[in-house]
Each structure stands twice: as C-alpha cells, then as structure tokens.
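The following exercises are to be worked through with the sequence and the coordinates at hand. Each task is followed by a solution in steps.

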Amino acid sequence: MPDLRQAVENVTDPELGRSLKELRMLAGVSEAADAVEVHVELPTPAYPDRERLAEAVRATAAPLADGKRIDVRFSTVVRGKESGGSIGLKIKNVIAVGSGKGGVGKSTLAAAIAFGLKHFGAKVGLMDADVYGPSIPHLLGATGQPAAIEQTGPDGQMVQRIEPIEADGIKLISIGFFVEPGKAIVWRGPMLHRTIHQFLAQTEWGELDYLIIDMPPGTGDVSLSLSQMLGLAGAVVVCTPQQVALLDAVKAIDMFHTVKIPVLGMVENMSGDIFGRGGARRKAAELGIPFLGEVPIEAGIRERGDAGRIADLFAQDNPSREPLVHVAQRTAIEIARQAVVETRGMPSLEIL
C-alpha cells in the first residue's frame, strides 16, 4: 500500500498539470478485501471531465493493487485566496468581471458565470459594481430593496448590515435596488468608493465559494478600490471579436496588472458572423493569458436577459448552455490554478 499511495500521489492532474501531491488533492487511499478506494479532493465543483482523472488514477494504481478493483471517489473542497478575510468576509474567491468598453455583454457574462458556478453546486454571490449603469437586477429579474439588519459586532456593539436580495439561489447587491428606475447616479470618486466598500464589507454575504463582481466598463478607479480592500482571486476580461473592442480589452488587462489583480483569462462574447470570430483567442495567445471560451451571438441570450431570466440559459435544452458552462468551468479551473501557485511550498498533507 505505501508504494501504491506514492504512485497515486505522482499522478498528474490532466487539468492543472501538476501531481496530486503538489495539488494536495489526494485525500486518502484505503484497502478492502476486493477493492482499493482512492479518495480525490477536487478544488472546485466545476472540475471538468472527472473520468479522465479517474482513468489516470486507475491506470497508475492497477499494477500495484494485486488484481483488486480500483474505485475512485471524488469530493470537493473549493480552493481559493479566502479573498474576503481581510475585511471580515467568509468568501473564498472574489472574481472581477470587466471589459475595456461598454456594450460587449460584460454584465450578461458576469451573471452567466455566477449561474454557471451555481449550476455545479457552488455557493455564489453577485455584486453589481457598475454603479452608473446597474443592470444585474434586470438581468436576473430581481426586485425589492435590501433590508437593514442589526448584528452584534466583535466589540459587543450593535452594527447595521445589508441583507442581500436573493434570486434563483444567488445573493445579489446592486445600487439598482436603492434608486428609482431611470434615475441617474451622479457621484464623484469618494462616494463611489464608499458604496463599493459598503457593498463588500457591510453586506451579509454569509459563506460563499465565489463572489462575482460586475465591474463598470473602462479603466476607472473601482479596480483600484477593490485592490486596496482585498486580494481578488482574479479578473475575467470580456470582449467581442473585432479589433476595436480588443484594443480596449488590452487596456483593461493592463489596468488589472497595474493594480496587481491576476488576469484569469479572456472571454470572447457575441462570437459569429456579425463581429467575426477568434479575435479574443488570438489576442489571449499573443498576451500569454488563458482563453476561457467563446459565447456565440444568439438571440436567445438577449431574449432571456431582456426577460430577466438569465438562469434559464442553463436549462438542459438551451443551445447557449454548453459554451456558458465551459466558460464557468475554465474560470473555476484558473482560480484553482492560482490557488495552487499561492500554496506551493506548503507542506503536503499526511495521508493516514
């Protein structure tokens, strides 16, 4: 058994490209009369193609198992930066979704990534940081005004917190819940910074695996505010395929690099005949950052967004489901990859 355990530890994970020992994913190896069970702990519930990893484990373990059956069991413990810990939040990963310009479907993709991660069983929140153009409430068909709740703080004093709105199992906060429809927000930077801080630190998010932040378009100071408040797991940059959009996407990527927010990758939205195809993939390769997938330009995405039913995009028969699931999975894998880089050099878990 020690030889078998050591062999399994050296199996290379096909998604993350490192050994199970380096990734701290081997949770246990146990032996019964007719079988050996290998327990693998995945870093995200959105891990794709588990059978490929199971096959790699079985192929390595079989020669050392004395003819016994090899059973591979999976469980999930979401890995991350514990992004919200510095401001008292119990959030493992905070993810910014940004773009260099408006009109590329950034908010739709932010909502879709949130629902994609929830689709796999993760606990997810969605924060609308696009204060001047909040669209998350509409996309999710969410209404109402978040309630103020009182809690006892660490010093024993009563503090007020914001209870987020919940829509289809996702916790939401947006300035759109606090202002009348059609009313413009005319604020300077300090007011914007204070609102972002309230939405993050004073909202009762509870325990979350992922908090998705829909960023305002462009390269304004919201990214700087976020980078000063907490260590984000990373940023996803959304753009359309044509060159004029890619020019601005490159600026967004540079902005995230400048404020020390890791870039998880690029998503090509509205891919197809009208805007072309493949521009974001080529630009990601040129910049040496991951390409997270392309989402075709389909009327169904627009129709469900207009109807406030983004959640319906993940119905089994929806043609947009597969590319959106793919983007959510690749985002989760890149977050897990970042977590591995952060924890390299830590001592390995002892397998009993």
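**Exercise 1.** In this predicted model, classify Phe178 and Phe199 by relative accessibility, and characterise the aromatic pair that they form.

*Solution.*
Step 1. Phe178 has a relative accessible area of 33%. Buried means under 20% and exposed over 50%, so Phe178 is partly exposed.
Step 2. Phe199, at 3% relative accessibility, falls under the 20% limit and is therefore buried.
Step 3. The ring centres of Phe178 and Phe199 lie 6.2 Å apart, with 25° between the planes. Planes under 30 degrees apart count as stacked, and the pair is accordingly stacked. The structure holds 1 aromatic pair.
Step 4. Phe178 belongs to the loop between strand S9 (170-174) and helix H6 (189-201), whereas Phe199 is in helix H6, so the pair ties together parts 21 residues apart in sequence.

**Exercise 2.** Describe the surroundings of Thr240; is Thr240 buried or exposed?

*Solution.*
Step 1. Locate Thr240 in the loop between strand S11 (234-239) and helix H8 (243-258).
Step 2. Its relative accessibility is 2%, so Thr240 counts as buried.
Step 3. The side chains of Thr240 and Gln242 make a polar contact of 2.8 Å.
Step 4. Leaving aside residues up to four places away in sequence, Thr240 touches Val104, Ala245, Leu246, Asn269 and Met270.

**Exercise 3.** Which residues make the contact between helices H1 and H3?

*Solution.*
Step 1. The axes of H1 (residues 2-9) and H3 (residues 50-61) come within 9 Å and cross at roughly 145°; the crossing is right-handed.
Step 2. H1 contributes Leu4, Ala7 and Val8, and H3 contributes Val57, Thr60 and Ala61.
Step 3. By class, this contact comprises 5 nonpolar residues, 1 polar residue and no charged residues.

Notes. Residues are numbered from 1 along each chain as its sequence is written. This is a predicted model: local features need pLDDT of at least 70, side-chain atom pairs count only at pLDDT 80 or more; totals for chains, interfaces and linings use all residues. Side-chain values use heavy atoms; hydrogens and water are left out. Axes are lines fitted to C-alpha atoms, for helices over the stretch in contact, and angles run from 0 to 180 degrees between N-to-C directions. Helices (H or I, at least four residues) and strands (E, at least two) are DSSP runs, numbered from the N terminus. A crossing is left-handed if the near helix is turned anticlockwise from the far one by less than a right angle, and right-handed if clockwise. Contact means heavy atoms within 4.5 Å. Ala, Val, Leu, Ile, Met, Phe, Trp, Tyr, Cys and Pro count as nonpolar, Asp, Glu, Lys and Arg as charged, and the others, Gly among them, as polar. Buried means under 20% relative accessible area, exposed over 50%, partly exposed in between (1.4 Å probe, protein chains only). A polar contact is a pair of N or O atoms within 3.5 Å; within protein, one must be able to donate a hydrogen and the other to accept it, and residues adjacent in sequence count only if both atoms are side-chain atoms. Rings of Phe, Tyr and Trp (its six-membered ring) pair if their centres lie within 6.5 Å; planes under 30 degrees apart count as stacked, over 60 as edge-to-face and the rest as tilted.
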